Amino acid sequence: MLRYLYGSQLDAYPKLSDTMFRDRAAQFRDRLKWDVAVDAQGYERDEYDACDPLYVIWQQPDGSHGGSMRFLPTTGPTMVNDHFSDLMDGDRVQSPHIWESTRFCLSCDSNSRVAAALVLGGIEIGRGFGITQCVGVFDARMVRIYRMIGASPDVLGSTGEGRAKISVGLWTFDPIDRMRVLLRAGVSSTVSEHWYARAFGSRPLKLQARAA
């Protein structure tokens with residue numbers, strides 16, 4: 001199931017939090033060989049985890065982490081503006097209607113449905129918070145995953161070649177995308193809205209279609 005948790009709420013879910021940061025270390029440092037900081041506890045965390053971000057986390061039946069994404073408004077500190085603006089010719093993405101998504105992470109035993117569920121969680125945040133778009137940095141391996149889910153971004157800029165290619169992407173939320181991702185995740189609209197309401201209450205969820 002999906003959980004929506006702010007950083008300040010993670011202490012209430014110690015197993016979920018512990019396994020999420022350990023899985024991030026296993027994915028980004030060990031498997032992908034990224035130059036990331038891992039502390040003495042085996043956690044991969046950076047300065048944006050200290051900004052009280054909103055996490056979308058797939059919780060396994062035993063309470064452990066199955067996958068996660070991290071969201072921050074672009075009106076504050078973001079990875080894309082602080083470290084990757086050169087991929088957009090020095091432009092910055094800053095709008096109350098655009099949030100940043102980073103640290104897309106899957107545990108070693110997760111599958112494509114978990115990946116789709118995480119993207120679904122991002123779409124539900126968009127509906128609930130009035131966000132129209134999401135920006136993020138992604139590597140070459142994610143191109144296939146996003147295509148499989150049915151949620152490929154518009155690429156704003158890239159650097160590198162092959163597996164080392166890094167891109168900045170912009171996703172525009174759309175009702176058609178949501179239905180496609182629901183199918184990929186194997187989740188009904190009612191269940192998805194229940195997961196969201198459990199975190200944020202019965203705030204109306206709306207999503208306007210893109211203009212043709």
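**Entry 1. The model**

I noted that this is a predicted model, in which local features need pLDDT of at least 70 and side-chain atom pairs count only at pLDDT 80 or more, while totals for chains, interfaces and linings use all residues. Residues are numbered from 1 along each chain as its sequence is written, and side-chain values use heavy atoms, with hydrogens and water left out.

**Entry 2. Helix α3**

I looked up helices and strands as DSSP runs numbered from the N terminus (helices H or I, at least four residues; strands E, at least two). Helix α3 covers residues 112–129, which is 18 residues. From its first C-alpha to its last I read 26 Å, close to the 26 Å expected at 1.5 Å a residue; the expected span is 1.5 Å times one less than the number of residues.

I then examined both ends. At the N-terminal end, Asn111 caps α3, with a side-chain oxygen 3.0 Å from the backbone nitrogen of Arg113. Such a polar contact is a pair of N or O atoms within 3.5 Å; within protein, one must be able to donate a hydrogen and the other to accept it, and residues adjacent in sequence count only if both atoms are side-chain atoms. After α3 comes Gly130, with a positive phi near 75°.

Is α3 enclosed by the rest of the structure, or open? I found 15 of its 18 residues buried, so α3 is largely enclosed. Buried means under 20% relative accessible area, exposed over 50%, and partly exposed in between (1.4 Å probe, protein chains only).

Leu120 has 0% relative accessibility and counts as buried. Not counting residues up to four places away in sequence, Leu120 touches Arg178, Val181, Leu182, Val187 and Ser192; contact means heavy atoms within 4.5 Å. Leu120 and Val56 are 64 residues apart along the chain, and their C-alpha atoms are separated by 9.5 Å.

**Entry 3. The nonpolar cores**

I looked up the nonpolar cores, each a set of buried Ala, Val, Leu, Ile, Met, Phe, Trp, Tyr and Cys residues joined through side-chain atoms within 4.5 Å. In soluble globular proteins, nonpolar side chains tend to be buried together.

Which residues touch the most other members of the largest core? They are Tyr4 and Phe104, in a core of 36 residues. Helix α3 gives the most to this core, with 9 residues. A second, separate core has 10 residues, including Val80, Val93, Val137 and Val168.

I also listed contacts of Tyr4 beyond its neighbours within four places in sequence; among them are Leu54, Gly121, Ile125, Trp195, Tyr196 and Phe200.

**Entry 4. Aromatic rings**

I found 13 aromatic pairs in a search of the whole structure. Rings of Phe, Tyr and Trp (its six-membered ring) pair if their centres lie within 6.5 Å; planes under 30 degrees apart count as stacked, over 60 as edge-to-face and the rest as tilted.

For Tyr196 and Phe200, the ring centres are 4.7 Å apart and the planes are at 45°, so the pair is tilted. These two residues are 4 residues apart in helix α6 (residues 189–200), about one helical turn, and both are buried. Tyr196 and Phe200 form one aromatic cluster with Tyr4, Trp99 and Phe129.

**Entry 5. Charges over rings**

I checked for a charge over a ring, where NZ of Lys or CZ of Arg is within 6 Å of the ring centre and within 35 degrees of the ring normal. The charged end of Arg45 sits over the ring of Phe21, 5.2 Å from its centre. The charged end of Arg103 sits over the ring of Phe28, at 5.1 Å.

**Entry 6. Positive phi**

Most residues other than glycine have a negative phi. I noted that Arg103, in strand β4, has a positive phi near 55°, and that Arg103 counts as buried at 11% relative accessibility. Asp89 has a positive phi of about 60° and is not a glycine. Asp89 is in the loop between α2 (79–83) and β4, and is exposed at 75% relative accessible area.
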